[in-house]
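Me: I would like to go through this model by question and answer. Please keep it brisk.

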Amino acid sequence: RTVRNKPLQYVLGTQPFLGADLLVHPPTLIPRWETEEWVDRVADRLVARSTDREEGGDGSRIRVLDLCTGTGCVALGLANRVPRVHAVGVDVRPAAVRLARLNARRAGLLGRSAFHCADIWELVGLLEGGEGTRERAEAGRRGKKSSSLAGVVLTAEGYFDVVTANPPYVTAREHSALGASVREWEDERALVAGEEGLAFYAAVCKVARGVLRELPATTTAAGSGGLLVPRLAVEVGEGQAAEVASIVREHLGVKAPLSLSSRGGGWVREVVVWRDMAGVERCVV
């Protein structure tokens with residue numbers, strides 16, 4: 001069954017992730033340990049928040065939107081670890097969405113997850129559409145394609161507590177230097193993001209601004225137990241954290257640690273960077 005340069009995960013057909021055995025099919029990106037690590041940290045903080053209702057939640061669900069979802073590993077990992085999480089995953093590739101749905105079924109999480117095929121740039125355009133956006137979304141939801149982009153926005157707008165993303169962040173030059181098992185088997189569109197690898201982060205932030213529930217002005221940065229409760233968590237490549245943190249501050253109104261945006265309580269309280277086990281700055285939160 002082996003093929004030259006074929007990753008072992010594709011040969012076996014599965015990859016462990018936070019206690020689940022996820023299906024992996026080429027060319028959908030194989031979940032990495034670096035991703036698993038920061039998702040586990042986010043889950044720890046959401047568990048700590050489970051009894052914390054200071055952020056305007058309904059006291060029952062924590063709604064998560066996962067962009068560039070791929071296999072669904074981030075969305076399903078959080079839903080598996082945190083019983084109160086209801087996750088929506090979005091990916092531009094229909095094959096990835098089908099695979100994520102299979103993984104949801106396999107993990108017994110169909111009731112607390114949903115996956116939709118949508119282009120993040122189209123989602124930004126719809127959210128920034130101004131007057132008539134709700135009407136277009138409602139029309140889309142009534143249409144034949146229940147998993148349409150418009151239906152996702154209608155359901156999501158203003159109701160998510162957390163946005164996560166593991167977007168493409170590899171440069172074209174870096175991609176050419178990757179091992180053959182990656183270059184020849186994994187989807188280049190899920191890896192490469194322009195000359196600097198930063199092409200998707202502004203879009204992620206714009207979506208977050210459009211769908212996150214705004215914080216009350218009295219909310220503190222930390223949730224239960226004094227842990228920072230993420231509103232946005234994005235994976236970054238080596239050497240990108242400072243620039244991505246700047247993009248987050250620009251789009252979500254954070255001018256300095258613990259500052260508020262000009263509208264109500266804002267979307268985030270501060271921006272921090274988490275290092276992975278190898279010491280690389282890996283996640284902007």
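Me: What share of the contacts with a separation of 6 or more joins residues 24 or more positions apart in the protein chain?

Reply: This is a predicted model, where local features need pLDDT of at least 70 and side-chain atom pairs pLDDT 80 or more, while totals for chains, interfaces and linings use all residues. Residues are numbered from 1 along each chain as its sequence is written, and side-chain values use heavy atoms, leaving out hydrogens and water. Contact means heavy atoms within 4.5 Å. For residues 24 or more positions apart, the share of contacts with a separation of 6 or more is 69%.

Me: How many helices and strands are in the protein chain?

Reply: Both are DSSP runs, numbered from the N terminus: helices are H or I with at least four residues, strands E with at least two. On that basis the protein chain has eleven helices and nine strands.

Me: What percentage of the residues of the protein chain count as buried?

Reply: Buried means under 20% relative accessible area, exposed over 50%, and partly exposed in between, with a 1.4 Å probe and protein chains only. The protein chain has 285 residues. The buried percentage is 55%.

Me: At what angle do helix 5 and helix 10 pack?

Reply: Axes are lines fitted to C-alpha atoms, for helices over the stretch in contact, and angles run from 0 to 180 degrees between N-to-C directions. The axes of helix 5 (residues 120–127) and helix 10 (residues 201–211) lie 9 Å apart. The angle is about 40°.

Me: In which hand does helix 2 pass helix 3?

Reply: A crossing is left-handed if the near helix is turned anticlockwise from the far one by less than a right angle, and right-handed if clockwise. Helix 2 and helix 3 pack at about 40°, with axes 9 Å apart. The crossing is right-handed.

Me: Where does Pro-27 lie?

Reply: Most peptide bonds are trans. The bond from Pro-26 to Pro-27 is cis, with omega near 5°. Pro-27 lies in the loop between strand 2 (20–23) and helix 2 (33–48).

Me: What is the relative accessible area of Asn-5?

Reply: Asn-5 sits in the segment before helix 1 (8–12). Its phi is near 70°, a positive value in a residue other than glycine. Asn-5 is partly exposed, at 30%.

Me: Does Cys-68 count as buried or exposed?

Reply: Cys-68 is not a glycine, yet has a positive phi of about 55°. It lies in the loop between strand 3 (62–67) and helix 3 (73–81). Its relative accessibility is 19%, so Cys-68 counts as buried.
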